[in-house]
Amino acid sequence: MFTGLLKKHADKKRGKMKITDFYDYKKPGRKISMITVYDYSMARLVENSNIDCLLVGDSAAMTMHGFDSTIHATEEMMLFHVAAVKRAVKTKVIIADMPFLSFRKSPEAAVETAGNLARAGADAIKLENVDGHEEAVKKIIESGIPVMGHLGLTPQYIKALGGYKIQGKDEKTAEKIIKDAKILEKLGCFSIVLECIPGALAQKITDAVNIATIGIGAGSHTDGQVLVLQDALGLYENPPSFAKKYIEGGELIKKAFNDFNTEVKEGLLPENKNDNNKKSQKMAVCSKK
Ligand code: KIV
């Protein structure tokens with residue numbers, strides 16, 4: 001029903017998107033697209049796409065560093081990735097994850113880390129859950145750094161959750177997630193990621209708060225969707241079942257590697273058009289004349 005409206009918004013040439021623009025996404029017919037990105041070359045591609053905003057996720061620990069969970073992301077790691085992404089991005093909002101435990105020590109320590117991420121190029125930070133770090137969320141927001149919440153399956157809590165499974169399936173846990181979403185809104189968060197919860201619960205939360213919800217594995221009734229870049233591009237053999245693969249990137253890249261290898265082995269490289277040596281010989285001959 002809203003396809004025309006959505007297209008109009010997507011086609012509209014925008015200046016730099018602002019955090020305050022997120023409130024507009026509660027309007028009918030508007031949806032936010034967000035993708036994770038961790039490095040300069042991919043950030044350049046996202047910058048030149050219609051995607052609305054970028055998340056330098058702590059999933060970098062897994063996607064870029066090969067760890068088995070996000071608890072291995074450190075402040076140093078996040079700063080390194082945010083700075084690389086920032087060098088490529090001029091027109092999109094960059095949100096950066098606060099790494100494991102960085103918002104649990106004290107509100108002051110949390111503000112310090114959030115400030116470092118902002119100085120590295122983040123327009124906003126994201127942090128998981130809310131119980132026990134309400135004061136940290138409040139202080140970061142009061143310091144002028146916008147905060148995105150993250151509820152449902154919160155990967156930094158994976159050991160306590162007992163694995164990557166859907167959250168909020170029973171009434172009690174569903175009610176708790178709704179309550180936490182309202183607390184995050186009250187604290188001043190501008191948006192909330194809802195990860196791996198039933199679609200009906202995501203819809204209930206989306207209706208209950210006036211800030212934008214962005215879903216991943218949470219059905220279609222959220223104000224936007226986020227994907228991990230490696231899942232969207234098909235760079236992993238076993239992506240989560242809820243993650244849509246838009247291209248078989250892994251297969252395409254593997255084919256390019258193998259084509260290169262074959263051409264080297266068969267002496268087909270460089271081709272004339274790539275042969276600098278031939279070009280410079282020609283130039284030397286020309287300059288002698
Ligand atoms: O770090 C990340 O990639 C995330 C997304 C799953 C939302 O937090």
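**Exercise 1: a helix pair**

Which residues in α5 meet which residues in α6? Also work out how the two helices are oriented and what kind of residues make up their contact.

Solution. One thing before we start: this is a predicted model.

Step 1. Find the helices: α5 covers residues 107-120 and α6 covers residues 134-142.

Step 2. List the partners. On the α5 side you get P107, A110, V111 and A114, and they meet E135, A136, K139 and I140 in α6.

Step 3. Sort those contact residues by class: 6 are nonpolar, none polar and 2 charged.

Step 4. Now the geometry. The axes sit 8 Å apart, and the packing angle is about 45°. Angles under 35 degrees would count as roughly parallel, so this pair ends up as oblique. As for handedness, α5 and α6 cross in a right-handed way.

**Exercise 2: the other neighbour of this helix**

Describe how α4 packs against α5, using the angle, the handedness and the contact residues.

Solution. Step 1. Helix α4 runs over residues 75-86, and its axis comes within 8 Å of the α5 axis, crossing at roughly 25°. That angle makes α4 roughly parallel to α5.

Step 1. The crossing of α4 and α5 is right-handed.

Step 2. From α4, the residues E75, M78, L79, V82, A83 and K86 meet T113, N116, L117 and A120 of α5. Counted by class, this contact holds 6 nonpolar, 2 polar and 2 charged residues.

**Exercise 3: one more pair**

Are α8 and α9 roughly parallel or oblique to each other? Back it up with the contact list.

Solution. Step 1. Locate α8 at residues 171-187 and α9 at residues 199-208; they pack at about 30°, with axes 10 Å apart.

Step 1. The cut-off for roughly parallel is under 35 degrees, so α8 and α9 are roughly parallel. Their crossing is right-handed.

Step 2. Within α8, the residues A174, I177, I178, A181 and K182 meet L201, K204, I205 and A208 in α9.

**Exercise 4: around the ligand**

Solution. Step 1. Collect the shell: T36, G57, D58, S59, D97, V193, E195, I216, V226 and V228.

**Exercise 5: domains**

What domains does the assignment give, and how many Å separate their centres?

Solution. Step 1. The domain assignment lists domain 1 at 3-247 and domain 2 at 252-288.

Step 1. Taken over C-alpha atoms, the centres of domain 1 and domain 2 are 43 Å apart.

Terms used:
Residues are numbered from 1 along each chain as its sequence is written. This is a predicted model: local features need pLDDT of at least 70, side-chain atom pairs count only at pLDDT 80 or more; totals for chains, interfaces and linings use all residues. Axes are lines fitted to C-alpha atoms, for helices over the stretch in contact, and angles run from 0 to 180 degrees between N-to-C directions. Helices (H or I, at least four residues) and strands (E, at least two) are DSSP runs, numbered from the N terminus. Angles under 35 degrees count as roughly parallel, over 145 as roughly antiparallel, 65 to 115 as roughly perpendicular and the rest as oblique. A crossing is left-handed if the near helix is turned anticlockwise from the far one by less than a right angle, and right-handed if clockwise. Two residues are in contact if their C-beta atoms, placed from the backbone, lie within 7 Å. Ala, Val, Leu, Ile, Met, Phe, Trp, Tyr, Cys and Pro count as nonpolar, Asp, Glu, Lys and Arg as charged, and the others, Gly among them, as polar. A residue is near a molecule or strand if its C-beta atom, placed from the backbone, lies within 6 Å of it. Domain bounds come from an automatic or database domain assignment.
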